[in-house]
Amino acid sequence: MSAAYAVSDCWTMTRRELAHWARQPVQVAVGLVFPVMMLVMFGYLVGGGRTVPGDYVDFLVPGMLTLTMVFGLEGTMTAVTRDLDKGVVDRFRSMPMTDGAVLVGRAAADMLQSAAGLLVMTGVGYAMGWRAHGGPAAFAGALGLLLLLRFAMLWAGIFLALVAGRPELVQSVQILVWPFGFLSNAFASPDSMPGWLGAAVEWNPMSATATAVRELFGNPGGEPGWVTAAVLWPLALLALFFPLAVRRFRRLGA
Amino acid sequence: MTEGGEAILMEDVHKRYGEKRALAGLDLAVRRGTVHGLLGPNGAGKTTAVRVLATLLRYDGGLVRVAGHDVREEAARVRRRIGLLGQHAALDEALSGRQNLEMFGRLFHLGARGARARADELLERFGLAGTGRTPAARYSGGMRRRLDLAASLLTEPEVLFLDEPTTGLDPRGRGEVWESVRSLVDGGTTVLLTTQYLEEADRLADRISVVDGGRVVAEGTPGELKTRAGRDRIDVVVRDADRLDEAVRVLPFAPGETAVDRDRRLVSAPVRDRMAALAETVRALEAAGIEAEDVALRRPTLDEAFLRLTGADARRGEEAAA
């Protein structure tokens, strides 16, 4: 099978996801609004009591952007299990289409949605008084790091969904995502935590991205030298979960 | 190996899920251009067999060829030649019928224009042309099944697998699907149909394999299987258990076909001519002076026929016939 077919198959599967959006605009809107709500809630309601270096909104926005990338895993898992549950994947697998085009379509759609989410959230953050001070290149670099983290979480989500198999089981995985998201420096500086917790938080891959993004935005909480970690952590996760997910998908029939 | 005329060939196929043997040496040969029924109860291995044939499931041992190609070695070639209608609608139910057919058409590499033209044609043929943008989730069960069937026919497959195509449909939806399958076969497609309904196999299939416990326990035309499974029986219950053996001796039944249940004091045998058998039985009992508590003729129900074919009787029948 030629490369042209592979590209065409992946594009067809991406279009399928886009058609879903056109069908369910409300759901898409809710998906975009939820992180904005979190941002507003933490910025104005919870934020008052936080001790962080500098202005809290400037600290919070990069953290929330990072958290949104991690929580994107849930949407990916839900979409994958819903497909498996419906039997439509059986039809795809019984057709002479490119191996993995189903997964590529999922990945492309999720990345597009995440990019849209980043734009909306930075806009709302701007309205709340958040400013980036790093210049356009650093700004683009920060968005790149965020999307890289999302890309890694996406393949983790696909793999976990294929392992869990059923939508009911996804919920139990989701419960584990929350502490992973919150045990980070997204909302609070590790300096304000008990020593052991602060250490755990520093080692959370998500914290690496949040710190590097803060640095690139010129926001408080950033530290130089974290960009490498923010590239390596997601790449390590990708190196683990991408082959696992593809292999698992191929072996669905075993 | 394959003799040219076979569209589906399974030889001694095994598949195990942990401890459970789903296929235990299944043999199946389906001639090109015919409809073959796989009949069996839940858990007999019908769906497993179809999933193996449709390249969706790996099997542990044996030989499986579809349209002349090995499903393990040449999965891509097999996939270009088959259509699958699974037990559950294999559709994207958030999308309309047209969107589904165009998407699957593109994935079969018909090209954008080709996929659109084919979708039009199939929507028309399956009476779905007026459905517009309505998502498949809001179709009736029968409509969804027809759309599913249309999706299975995008490339006019050589071999079509229908896994319990009418389970869960009302009689009208069932009729619609039967109609579609019949018109297909006229076009020369080979069809493998699994079903729990004897009636469905009877109406659609040229030959039937009865499956139980992961293997074929009986095979033949619907007519052959019905005569074997569906004969009327006469049941005689004697009052005195001690005279049961004597009753068996005097009754005009063929010894090989007579079943005796001592606990219920019952002698039972299949009959051809109902009235003659009843008269002869009563006469024989009177002549021997054996008192009967009950003499009854009964037609086996569809369920009984099915149970007999898939239960121990079928195995005994196989051995007797062999």
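Glu291(B) is exposed, at 52% relative accessibility (exposed means over 50% relative accessible area, buried under 20%, partly exposed in between; 1.4 Å probe, protein chains only). The model is predicted: local features need pLDDT of at least 70, side-chain atom pairs count only at pLDDT 80 or more, and totals for chains, interfaces and linings use all residues. Residues are numbered from 1 along each chain as its sequence is written, chains are lettered from A and ligands numbered from 1 in the order in which they are written, and side-chain values use heavy atoms, without hydrogens and water.

The side chain of Glu291(B) forms a salt bridge with that of Arg239(B), at 3.3 Å from N to O (a salt bridge is a side-chain nitrogen of Lys or Arg within 4 Å of a carboxyl oxygen of Asp or Glu). Arg239(B) lies in the loop between strand 11 (232–238) and helix 9 (244–250) of chain B, and Glu291(B) in the loop between helix 10 (274–288) and strand 14 (292–298) of chain B, so the pair ties together parts 52 residues apart in sequence. Helices (H or I, at least four residues) and strands (E, at least two) are DSSP runs, numbered from the N terminus. Arg239(B) is partly exposed, with a relative accessible area of 44%.

Over all chains, the structure holds 27 salt bridges. Glu102(B) and Arg106(B) form one of them, at 3.6 Å from N to O. Both lie in helix 3 (residues 97–107) of chain B, four residues apart, about one turn of the helix. Both Glu102(B) and Arg106(B) are buried. Asp148(B) is bridged to Arg145(B), with the closest N and O atoms 3.0 Å apart. These two residues are in helix 5 (residues 141–152) of chain B, three residues apart. Asp148(B) and Arg145(B) are both buried. A network of salt bridges links Arg16(A), Glu17(A), Asp83(A), Arg106(A), Asp110(A), Arg150(A) and Asp92(B).

In chain B, four strands form an open antiparallel sheet in the order 2-1-4-5 (two strands pair if DSSP finds at least two bridges between them). Strand 2 (20–31) and strand 5 (69–70) of chain B stand at the edges, each with a single partner strand, so one side of each lacks a neighbour in the sheet. Strand 4 (residues 61–66) of chain B pairs with strand 5 of chain B over two bridges, in the antiparallel sense. Val66(B) stands opposite His69(B) in strand 5 of chain B.

Arg247(A) is in helix 10 (residues 227–250) of chain A. Arg247(A) is exposed, with a relative accessible area of 53%.
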